[in-house]
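Reader: I would like to go through this model with you, one question at a time. Could you show me the sequence and the structure?

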Amino acid sequence: MQPETTIIARPETAAPTTRAAVHKTVLMCRPEHFTVSYRINPWMHPEIPTSTSTAVRQWETLYDAYRGLGYDVELIDPIEGLNDMVYAANGGFTLDGKAYGAKFTYEQRVPEGPAYMAWFADHGFEVHEPQQINEGEGDFLLSNGAILAGHGFRTSLESHDELRGIFGREVVSLRLVDPAFYHLDTAIAILDDENIAYLPKAFDDASRAELERRYPDAVHVNEEDAAVLGLNSFGDGRTMLIAGRATDFERQLTERGYETIGLDLSELLLGGGGIKCCTLELRR
C-alpha cells in the first residue's frame with residue numbers, strides 16, 4: 001500500500017472561520033511491539049503479515065503532527081507482549097485531574113489496565129480502579145460537559161454508573177450495534193465543544209434518536225469513510241486529524257470551516273485502530 005499524502009485544507013477552499021484551537025495534552029504509546037497475533041475484532045487477521053517498522057513510522061507522523069500543532073505529548077513506555085498498547089485511548093479516561101482505569105474485555109489486553117493506572121498515579125492523577133468492564137476513552141468521549149458513553153461490545157452499561165459516580169457529570173449511554181465499529185470512537189468524532197460527526201448505522205434506534213436530538217447539526221459520515229476509520233479522528237476545535245482516505249468527511253469538515261490534516265495509519269488499522277485510538281486526552 002502506498003503512503004497517503006498529508007491533506008491540509010487550503011485557505012481559499014475552506015469556509016471563513018474564527019475557530020479557536022483549544023490546547024491539548026495527550027498520552028501516546030510508541031508501537032515498538034505492534035503486531036497482529038490474535039483476533040479480537042473484525043479488523044484483525046493474524047494470517048496477514050504486519051510490519052512493526054511501518055507501524056512505528058506511521059505513528060511518528062501522528063506524533064509529529066500533534067507536536068506541530070503545539071500539543072503537549074506525553075509517552076507511556078511500551079511493554080513487550082502487549083501488542084495493542086499503542087491504542088492508548090483504551091487505557092482509561094481522565095477528567096478534572098481524575099483517572100478512571102480500564103478493565104479490558106479480552107484477556108490479551110488485561111495487563112494494559114494496571115500499566116496505564118500506574119502511569120496515571122505516577123503523573124499526578126487521582127486514580128479510580130474500575131470494578132466494571134470498560135475500555136476507557138475508546139468508549140467515553142467528552143462533549144459539551146457531558147460524557148458520551150458507548151456500550152454493546154467492549155464496555156459494559158454498568159461502567160456508566162461508575163463513571164457518573166467518579167466524575168459527577170451527565171453520562172449519555174449509547175448502544176453500538178455494528179461489530180465493525182466496536183468502540184464509540186470508531187463511530188463518533190468530537191469536532192468541538194458543541195458538535196460531533198458520526199455514523200448513524202452504528203447505533204440502535206434509541207441511541208440514534210438521542211444523537212439527532214442533541215446534535216441536529218452533526219456531520220453524518222458515510223460508511224465508506226467510516227470503514228477506513230475516518231471517524232477515529234482527533235482535533236482541537238480548529239484542526240482535525242483524520243484518515244487521509246476519508247475524503248468525503250474531509251470535504252464536509254472543510255466546508256464547515258475546519259482545517260484538516262489527513263494521515264496514513266493503515267498499518268495500525270490492521271489492528272483495528274486509527275488516530276483517536278492512539279490518543280488518550282489528559283485533562284488535569
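Author: What follows is a set of questions and answers on the core, a sheet and some salt bridges.

The model is predicted, so to speak of local features a pLDDT of at least 70 is needed, side-chain atom pairs count only at pLDDT 80 or more, and totals for chains, interfaces and linings use all residues. Residues are numbered from 1 along each chain as its sequence is written, and side-chain values use heavy atoms, with hydrogens and water left out.

Reader: Which residues touch the most other members of the largest nonpolar core?

Author: A nonpolar core is a set of buried Ala, Val, Leu, Ile, Met, Phe, Trp, Tyr and Cys residues joined through side-chain atoms within 4.5 Å, where buried means under 20% relative accessible area, exposed over 50% and partly exposed in between, with a 1.4 Å probe and protein chains only. The largest such core has 33 residues, and those that touch the most other members are Ile188, Phe203 and Phe249.

Reader: Is Asp161, which meets Arg164 in a salt bridge, buried or exposed?

Author: A salt bridge is a side-chain nitrogen of Lys or Arg within 4 Å of a carboxyl oxygen of Asp or Glu, and for Arg164 and Asp161 the N to O distance is 2.7 Å. Both residues lie in helix α3, three residues apart, about one turn of the helix. Arg164 is partly exposed at 32% relative accessible area, whereas Asp161, at 53%, counts as exposed.

Reader: How many residues apart are Glu170 and Arg214, which form a salt bridge?

Author: The closest N and O atoms of Glu170 and Arg214 are 2.4 Å apart, and Glu170 is partly exposed with a relative accessible area of 44%, while Arg214 is partly exposed at 26%. Glu170 lies in the loop between α3 and β8 and Arg214 in helix α4 (residues 205-214), so that distant parts of the chain are linked, and the two are 44 residues apart.

Technical notes. Helix = DSSP H or I, 4+ residues; strand = E, 2+ residues; numbered from the N terminus.
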